[in-house]
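User: Please take a close look at one part of this model. I would like to see how its packing is built up.

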Amino acid sequence: MQIGDLAPDFTLLDHEGHEQRLTTLLEGGPVVLFFYPAAMTKGCTKESCHFRDLASEFVDLGAQRIGISMDAVERQSQFADHNGLDYPLLADVRGVVAAQYGVKRSLDFLKVRRTTFVIGRDRRIIEMVSSEMNMDVHADRALAALRPGAA
């Protein structure tokens with residue numbers, strides 16, 4: 001996937017067991033879709049909580065935060081509840097969506113490459129962020145890409 005590409009559409013269950021479809025979500029504004037390796041781990045908790053802590057900035061820009069990993073719905077629910085996450089966490093249990101976005105690893109241990117996609121209402125990818133070590137850069141760069149004059 002590259003900037004300007006059409007983001008693959010998908011439907012997955014969120015941490016509350018509700019179906020979420022990308023094209024439906026985009027009706028409400030841009031989507032910041034961030035893939036993380038595993039719920040309830042140190043790095044993924046730090047990244048997810050940074051997205052949580054910047055909620056008002058995303059709201060001000062009309063953007064929605066969506067986390068996604070290969071964890072089951074129950075694990076995602078536990079993760080959301082434990083950390084007070086105020087946005088959907090999607091369960092891509094078989095890694096189908098991760099494969100479509102080119103972030104699925106061949107090894108099961110890490111499962112996906114930590115990658116964030118900022119997706120415009122037209123389903124075009126506006127920005128991609130890939131960093132395994134800097135957990136804050138994902139939300140920070142997503143916000144920068146959404147601000148007026150970015151591009």
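Analyst: Buried here means under 20% relative accessible area. The model is predicted. Take helix 2 by that cut-off: Gly43, Cys44, Glu47, Ser48, Cys49, His50 and Phe51 are its buried residues. The cover over these residues includes strand 3, helix 3 (55-60), strand 4, helix 4 (73-83), strand 6 and helix 6 (137-146). The length of helix 2 also checks out. Its 12 residues, 42-53, should span 16 Å at 1.5 Å a residue, and the end C-alpha atoms are 16 Å apart, so the two agree.

Phe51 also belongs to an aromatic cluster, along with Phe34, Tyr36, Phe58, Phe79 and Tyr87.

Now the wider setting. Nonpolar side chains tend to be buried together in soluble globular proteins. The largest nonpolar core here has 21 residues. Phe10, Leu22, Leu33, Phe35, Tyr101 and Ile119 touch the most other members. Two or more residues each come from helix 1 (22-26), strand 3 (31-35), strand 4 (64-69), helix 5 (96-100) and strand 6 (115-119). Another core lies apart from it, with 20 residues, including Leu54, Tyr87, Val118 and Ala139.

Leu22 touches Ala7, Pro8, Asp9, Phe10, Val31, Tyr101 and Ile119, leaving out residues up to four places away in sequence.

Aromatic pairs number nine, counting ring centres within 6.5 Å. In one of them, Phe35 and Tyr101 have ring centres 5.6 Å apart and planes at 50°, so the pair is tilted. Phe35 sits in strand 3 and Tyr101 in the loop between helix 5 and strand 6, so this pair ties together parts 66 residues apart in sequence. Both Phe35 and Tyr101 are buried.

Note on methods
Residues numbered from 1 in each chain as written. Predicted model: local features only at pLDDT ≥ 70, side-chain atom pairs only at ≥ 80, totals over all residues. Heavy atoms only, no water. Core = buried A, V, L, I, M, F, W, Y, C linked by side-chain atoms within 4.5 Å. Buried < 20%, exposed > 50% of the residue type's maximum accessible area, 1.4 Å probe, protein only. Helix = DSSP H or I, 4+ residues; strand = E, 2+ residues; numbered from the N terminus. Contact = heavy atoms within 4.5 Å. Expected span 1.5 Å × (residues − 1). Phe/Tyr/Trp six-rings, centres within 6.5 Å; stacked < 30°, edge-to-face > 60°.
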